[in-house]
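Good morning, colleagues. Please turn to the chain on the screen, and I shall take you through its sheet and its core.

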Amino acid sequence: KKTIMREQMETNIIGELNNLKERDIKPNFSELSRKYGLHRHTIKKYWDEGGKIIKSRNKPSVLDKYKEEIEEILKEAGVNKIGAYEFLTYKYGNICTYSNFKQYTLKHNIKKKKAQTAHVRYETQPGYQIQVDWKESLKIETKTGEIIKFNLFAATLGYSRKHVFIISKTKTTEDVLRCLIETFKYLGGVPHEILTDNMSSLVTIFKHDKRKHPEVLAFEKDLGIKIKFCKVRTPETKGKVESANRFVNRITAFNKKIENEEELYAIVNRIMKNSNEQNNQTTNLPPNVLFKKEKEYLQPLPNKCLLDDYTLPIFSQKVPNTLLVNYKGRGYSVPKKFIDKKVILKPFENKLYIYYNTELVTIHNITNQKMNYKENHYKEALASNFYNSEEYDMKKLAEENLELFKELKYD
């Protein structure tokens, strides 16, 4: 209703201004302002525009205050616009849609560095093929300057384009098979064929003769799946998983902006979730929508014992009410919600990675202390032991106890 009234008022003003112009009379903008209830400068603009209604009114954008930050993020090599948007919404929440973000960068000529490679697309039947690849030797720096080195295993179903991303410190044969098992567990079934490049962890090439490792042959037999290799120098044959790299590149936007390695795992899971909920450029549907159909065509998972043999955990433990799981005589904490649940401990270099199923629970530095509580784990458990925790300074109490634990060390 207000819009209609304003349009009518503008029509009346324009009519009066045109009448004055025809009579060669200069308008009294202050008088017209009082008559129509519009600012005199607005009416003058109508006059200067030759009696035309000014339809475009510049309004501030919610992204204006982030403009400099957006420009800085997109200056980094390898960061694309969706990656910058991913970081911005991770940091500030859902401030706008990606469409609005993209329009804003175009309007303000905020450009990105990008390299494009053309790939030939082809389609596969539901449940038939999954394409896998490594994003190798990645590095990300935390806010404190710690360099985290990792590899990312990427898998994409051929029909639905559903993606799975898994962080792995190494790329051995055992790592590939473990990542495949974790992928199939996540998908809830096994496709009929795996397409990959000539990974040295899966195949040995001698005088143009490809020989799969014995463990790989056993894996094919146990899971009823066939591993096929791309022809040399033809990566386009697995273009669907190659296209997943644009999602992986979003990680680059978080460089020097994360607190620790645990946050990196959470970000990768977030990117994987978002990539499966966004429309695919080829199918014009989110992978999760098409996966509802594709899942029906996957082969059932083998029995749990067989799958556990391939995941090869170092060992598993039931979490006691002290929250401390034991590794080499030292205790390492997990959150309170995992009490009485079995977790898997995997040491790598100087860190201990603790998982519940395939979920990363926490990461500890391996130390010489008898008890290694993380402050947030300890405070949560401590608060639950007091009927009215508001009467106590829980932060101070936790800090005092944690300092005492540091004095308990093995020789």
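Which order do the three strands of the open sheet have, and with what pairing? The order is β9-β10-β14, and the pairing is mixed. Helices (H or I, at least four residues) and strands (E, at least two) are DSSP runs numbered from the N terminus, and two strands pair if DSSP finds at least two bridges between them. β9 (324-327) and β14 (371-372) stand at the edges with a single partner strand each, so one side of each has no neighbour in the sheet. Strand β10, residues 330-333, runs parallel to β14 and is joined to β14 by two bridges. Tyr-332 has Asn-372 in β14 as its bridge partner.

A word on provenance. This is a predicted model, in which local features need pLDDT of at least 70 and side-chain atom pairs count only at pLDDT 80 or more, while totals for chains, interfaces and linings use all residues. Residues are numbered from 1 along each chain as its sequence is written, and side-chain values use heavy atoms, leaving out hydrogens and water.

Taken as a whole, the chain has 15 helices and 14 strands. Of its 411 residues, 43% count as buried, meaning under 20% relative accessible area with a 1.4 Å probe, protein chains only.

I turn to the core. A nonpolar core is a set of buried Ala, Val, Leu, Ile, Met, Phe, Trp, Tyr and Cys residues joined through side-chain atoms within 4.5 Å. The largest one holds 70 residues, and Leu-180, Phe-184, Ile-194, Phe-219, Ile-251 and Leu-264 touch the most other members.

Methods: Buried < 20%, exposed > 50% of the residue type's maximum accessible area, 1.4 Å probe, protein only.
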